[in-house]
Amino acid sequence: MKLMQLTSVLTAAVIDGDGDVEIGGIETDSRGVKPGDLFICLPGHTQDGHQFAAQAAEKGAVALVVERKLVTKLPQVIVKDSRFAMAALASTFFNQPSERMKMIGVTGTNGKTTTTYLIEKILNDHGLKTGLIGTIQMKYDGQSFPMPRTTPEALELQRYLNDMANAGTECCVMEVSSHALEQGRVKGTDFRTAIFTNLSQDHLDYHHTMEEYRGAKGLFFSRLGNAFAKDERSRKYAVLNADDDAAAYFAKQTAAEVITYGLGDDADVRASNISITAQGTSFHVDTFRGQADISIRMVGKFNVYNAMAAIAAALLEGVPLEDIKNSLESVPGVAGRVEAVNEGQPYAVIVDYAHTPDGLENVLRTVNEFAAGRVFTVFGCGGDRDRTKRPIMGKIAANYSDVVFVTSDNPRTEDPELILKDIEAGLIEEGVPAESYKLIVDRRKAIEKAIEMASPGDVVLIAGKGHETYQLIAGEVLDFDDRIVAKDAIRGRQ
Ligand SMILES: CC(=O)N[C@H]1[C@@H](OP(=O)(O)OP(=O)(O)OC[C@H]2O[C@@H](n3ccc(=O)[nH]c3=O)[C@H](O)[C@@H]2O)O[C@H](CO)[C@@H](O)[C@@H]1O[C@H](C)C(=O)N[C@@H](C)C(=O)N[C@H](CCC(=O)O)C(=O)O
Ligand SMILES: Nc1ncnc2c1ncn2[C@@H]1O[C@H](COP(=O)(O)OP(=O)(O)OP(=O)(O)O)[C@@H](O)[C@H]1O
Ligand SMILES: N[C@H](CCC[C@H](N)C(=O)O)C(=O)O
Ligand SMILES: [Mg+2]
């Protein structure tokens with residue numbers, strides 16, 4: 001495709017130089033440029049992509065997209081916002097892949113991964129070829145790929161969506177993080193259904209205040225298109241958790257048809273008679289397409305919410321409620337989400353990805369509902385991320401546990417001991433006696449210690465890292481999997 005043709009989607013962009021140059025690919029990282037590429041200079045949070053234009057040229061870039069004119073021999077396309085340009089050019093270059101599939105997106109502080117997994121399962125069982133993009137992986141057409149982040153950057157996203165659509169995928173269900181919305185990573189992606197799970201504290205390092213954080217999530221709903229399009233395929237839906245205060249705000253922002261779920265009588269999809277055991281959760285559900293009694297194999301009231309969101313989304317795709325029920329009941333669980341580590345030991349060990357105050361409180365409430373004995377919680381908080389959540393999570397852990405093992409999550413570039421101290425501040429403020437908690441920097445040792453102390457009937461909850469198979473310490477990526485470490489510790493004791 002010629003530069004002029006590709007960039008014609010950017011009405012106000014100015015081309016300085018030869019617009020007839022042939023563009024073979026698009027790249028935003030100079031280190032990955034291949035001959036024939038168009039290099040887009042992005043102003044980042046730590047670096048300015050404009051500084052790498054010369055390096056990109058050396059590696060064979062044939063044109064640049066810039067926000068300010070550079071001294072260069074290459075033709076350059078001058079734009080106001082190169083992130084917007086990236087989204088527009090990527091979706092054009094890859095032939096608008098989101099218009100070739102039904103796109104379902106899930107945003108919210110907690111429950112995105114779980115909800116996307118449920119929807120993917122229901123739609124695939126129904127015979128709709130469905131792909132998935134999110135925290136754990138991307139998968140479609142029997143293949144899966146690990147993902148470095150929850151929501152890919154616009155350029156990668158359009159590339160992946162194109163691969164998916166070309167493989168015959170009919171629906172794509174993906175997680176849409178608040179970072180992605182704020183950075184415009186899903187601009188150029190045409191969503192049919194936007195789902196909201198819940199809003200609670202996280203990422204205040206990035207969004208600063210809860211209002212800003214809510215505003216970022218709101219972008220998802222305000223950007224959805226027309227609810228009343230003539231052909232059904234083009235209609236838009238906002239599926240909102242009516243029990244969360246933010247739902248009313250999102251409902252106001254959107255031009256899509258609002259479908260609600262929750263426990264209240266007014267919700268379009270509403271659950272009642274919730275019953276939780278260590279094996280799973282059962283509930284009754286009333287919907288705009290009938291009612292059913294459903295028993296899922298995942299524990300926790302919060303999973304009833306995830307299931308309701310999935311039910312609403314699947315009903316909108318025409319899946320009968322009876323089929324939805326069968327699919328939901330067949331899901332064994334999602335990796336690293338309330339995942340039991342079972343080596344035949346007389347106490348329970350559970351690995352969970354709760355890494356926010358609300359997530360931790362929810363999973364601990366659930367654990368307390370079925371724990372026959374004491375509850376031991378092993379957890380930490382990630383470094384280079386929201387610091388204000390640390391003491392809050394410390395308090396929550398103490399309130400719902402008999403003993404708390406405060407340890408490292410992914411310290412990244414921070415001093416691990418100081419992160420533990422931030423969490424301890426919450427424990428001290430709460431007046432938790434010193435014998436009720438331990439600070440153990442080494443996560444393996446903390447897990448071993450908790451498991452060593454467990455008696456029959458006790459529950460050891462290991463929270464924060466879930467499916468992760470690594471630990472990020474001082475810039476290094478070390479092998480670490482809570483499930484394997486816990487297994488070794490259980491076996492070591494036996
Ligand atoms: C805060 C944030 O989201 N940062 C993302 C952002 O980084 P940045 O703006 O700092 O980029 P930068 O390093 O300054 O570089 C600017 C430009 O120069 C280019 N560059 C840089 C160096 C070089 O040698 N050559 C070169 O061309 C870069 O490719 C980039 O285009 O753009 C980068 C490239 O796309 C991302 O990798 C990076 O994600 C970082 C790694 C990250 O950790 N993000 C997390 C916080 C995140 O996005 N998390 C959410 C999940 C949140 C949730 O749970 O809800 C997610 O969606 O995963
Ligand atoms: N609907 C929910 N409400 C509150 N907490 C939840 C909900 N669903 C899951 N959780 C808790 O949050 C943890 C993370 O769940 P999940 O991975 O589905 O969320 P996520 O939104 O994808 O997280 P991330 O932002 O890291 O991608 C779970 O392990 C569980 O403890
Ligand atoms: N998506 C979340 C993951 C946090 C997982 C936790 N293990 C950590 O490293 O903080 C984030 O980017 O904040
Ligand atoms: Mg996720």
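Analyst: Let's start with burial: a residue is buried if 20 or more other C-beta atoms lie within 10 Å of its own, exposed if 12 or fewer, and partly exposed in between, with C-beta atoms placed from the backbone. Arg-412 is partly exposed, because 16 other C-beta atoms lie within 10 Å. Do keep in mind that this is a predicted model, where local features need pLDDT of at least 70, side-chain atom pairs count only at pLDDT 80 or more, and totals for chains, interfaces and linings use all residues. Residues are numbered from 1 along each chain as its sequence is written, while chains are lettered from A and ligands numbered from 1 in the order in which they are written.

User: How should I read the confidence?

Analyst: pLDDT is the predictor's confidence in each residue, from 0 to 100. Where it is low, the predicted coordinates should not be read in detail. Here the protein chain averages 96, and 100% of the residues score at least 70. The model's ipTM is 0.94 and its pTM is 0.94.

User: Which residues have the most contacts inside the largest nonpolar core?

Analyst: A nonpolar core is a set of buried Ala, Val, Leu, Ile, Met, Phe, Trp, Tyr and Cys residues joined through C-beta atoms within 7 Å. The largest one has 152 residues, and Met-308, Ala-312 and Val-460 have the most contacts inside it. Helix α10 (residues 301-316) gives the largest share of this core, 13 residues. Two residues are in contact if their C-beta atoms, placed from the backbone, lie within 7 Å. Leaving aside neighbours within four places in sequence, Val-460 is in contact with residues including Tyr-347, Phe-376 and Ile-451.

User: What surrounds ligand 2?

Analyst: A residue is near a molecule if its C-beta atom, placed from the backbone, lies within 6 Å of it. Ligand 2 is surrounded by 23 residues, the closest being Asn-110, Gly-111, Lys-112, Thr-113 and Gly-359. At least two shell residues come from each of α4 (112-125), α10 and α12 (357-370), and α12 provides the largest share, four residues.

User: And by class, what is in the shells around ligand 2 and ligand 3?

Analyst: Ala, Val, Leu, Ile, Met, Phe, Trp, Tyr, Cys and Pro count as nonpolar, Asp, Glu, Lys and Arg as charged, and the others, Gly among them, as polar. The shell around ligand 2 has five nonpolar, 13 polar and five charged residues. Around ligand 3 there are no nonpolar, five polar and four charged residues; among them are Thr-150, His-355, Arg-385 and Lys-465.

User: Which residues does UniProt list under "binding site"?

Analyst: UniProt positions are given in the numbering used here, feature names are shortened, and annotations may be inferred rather than shown by experiment. The unreviewed UniProt entry lists Ser-30, Thr-150, Thr-151, Ser-177, Gln-183 and Arg-185. They are spread over 156 residues of sequence and also in space, up to 25.5 Å between C-alpha atoms. Arg-185 is buried, because 24 other C-beta atoms lie within 10 Å.
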